[in-house]
Amino acid sequence: MSGMSFSSREPSTCSTSVPKTHHSVTTMDGSLNTCSAKPAPAGFRRVSSTGEPSSCPVPGLGPGVLEMRVKEGSKIRNLLGFAMSRLQGGGHVSPVSQVMFTGTGRAITKTITCAEIMKRHIRGLHQVSKLQYRTVREVWQSREDESIQMTVVKKVPAIYIFLSKEPLDPLELGYQSPAEMSSSSEENTSGAATESSRKRHCSPCSYETVQLSKIKRSTQEHTATAYNY
Amino acid sequence: MLAHCTDDRKTPECSTKSMDPVEYTLRKRLPRKLPKRRNDVYINMKTDFKAQLARCQKLLDGGAGHKEICIHGLGLAINRAINIALQLQAFSQGALQLAANTSTVELVDDLEPEDPDEAGEPLTRTRNNSAIHIKVFYPNA
């Protein structure tokens, strides 16, 4: 673990080359050094960004799996509209029974939100979530001089959320069964003793909501309630 | 010893939202306090990344190291939680394994009228947010 340096920002583990030489390629070494370089080199624009296609980490896939790649600017409404229609069977094409949401970097939160909303609309979906690093290769080109290029290879975290109507292996890491869960409940593949202590119900939460909206309260009371947490 | 990492973005802060005819002050309520075992780590965006990573590492290492820890992240802290988990796995040279679970958390916002004389009622608004729970453990040999 020698030679590790951290910045307080997210370690997207990128390394950029400083000299603007012609077609300079910067590659990552094995260690996960995080750099404090700014995300976009000044005066450059990104020409291409190719992700190394990492092998799908979920074993036991059926033949037809719908892969939904969630990007940072994707609209959840569009993503879910397409995925739902495919899952429930469009007019012209046979319905798919498995869908995989993938996202990297800033799109991870959106990916999780898509999967959660889909699970709420379609009950009985089995879920397997996987995390891994994914290498992305970007080519940046200078705005002024078109010939100056820079290739950046960086590792970004990626998430793969696999939703399936068919039952999956419960012993798989990251498996979640389609039981009725509302808020912050956790499924443990091992250590079942902790499971009962971690299951939480949503009813107290909604009870608080109803109670508070009825009564007119003062500001102090609100502050006191909030600070009780 | 670092303080407990609480869920982020939920401290009561006053920010005016001017969408209703009556001006309201938005107050985000903290999410429900969840029971916390010794090997539960809640990630937030306020504490330094390196400090949170070191804390997780310390929980796993050492003579009294736990066999597994659970990393939780809510909203924007999901990315950071995933990063911490992947970094821990990378440092262990493949000895650690990750298991990720996702969930939805309900958050409640309190809207208070700006003017006490205004006819507005204190409203509450609920919204949903995504959360991730990552189990980092040494698989039994």
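Start by selecting A:Lys154 and A:Glu138: their side chains form a salt bridge, with the closest N and O atoms 3.5 Å apart. Bear in mind as you look around that this is a predicted model. Now show the cartoon and you'll see that the pair links distant parts of the chain, 16 residues apart. A:Lys154 sits in strand 7 (residues 149-164) of chain A, while A:Glu138 belongs to strand 6 (residues 126-142) of chain A. Turn on a surface next. A:Lys154 is buried, at a relative accessible area of 16%, and A:Glu138 is buried too, at 5%.

Hop over to chain B and pick B:Arg127 plus B:Asp109. Their side chains meet in a salt bridge, 2.7 Å from N to O. Is B:Asp109 buried or exposed? It's buried, with 5% relative accessibility. B:Arg127, on the other hand, is partly exposed at 25%.

Back to chain A for a helical stop: select A:Glu116 and A:Lys119. Here the side chains make a salt bridge at 3.3 Å, N to O. Both residues lie in helix 2 (residues 108-121) of chain A, 3 residues apart, or about one turn of the helix. Check the surface around A:Glu116 as well: this residue is buried, with a relative accessible area of 8%.

Notes: Residues numbered from 1 in each chain as written. Chains lettered and ligands numbered in written order. Predicted model: local features only at pLDDT ≥ 70, side-chain atom pairs only at ≥ 80, totals over all residues. Heavy atoms only, no water. Salt bridge = Lys/Arg side-chain N within 4 Å of Asp/Glu carboxyl O. Helix = DSSP H or I, 4+ residues; strand = E, 2+ residues; numbered from the N terminus. Buried < 20%, exposed > 50% of the residue type's maximum accessible area, 1.4 Å probe, protein only.
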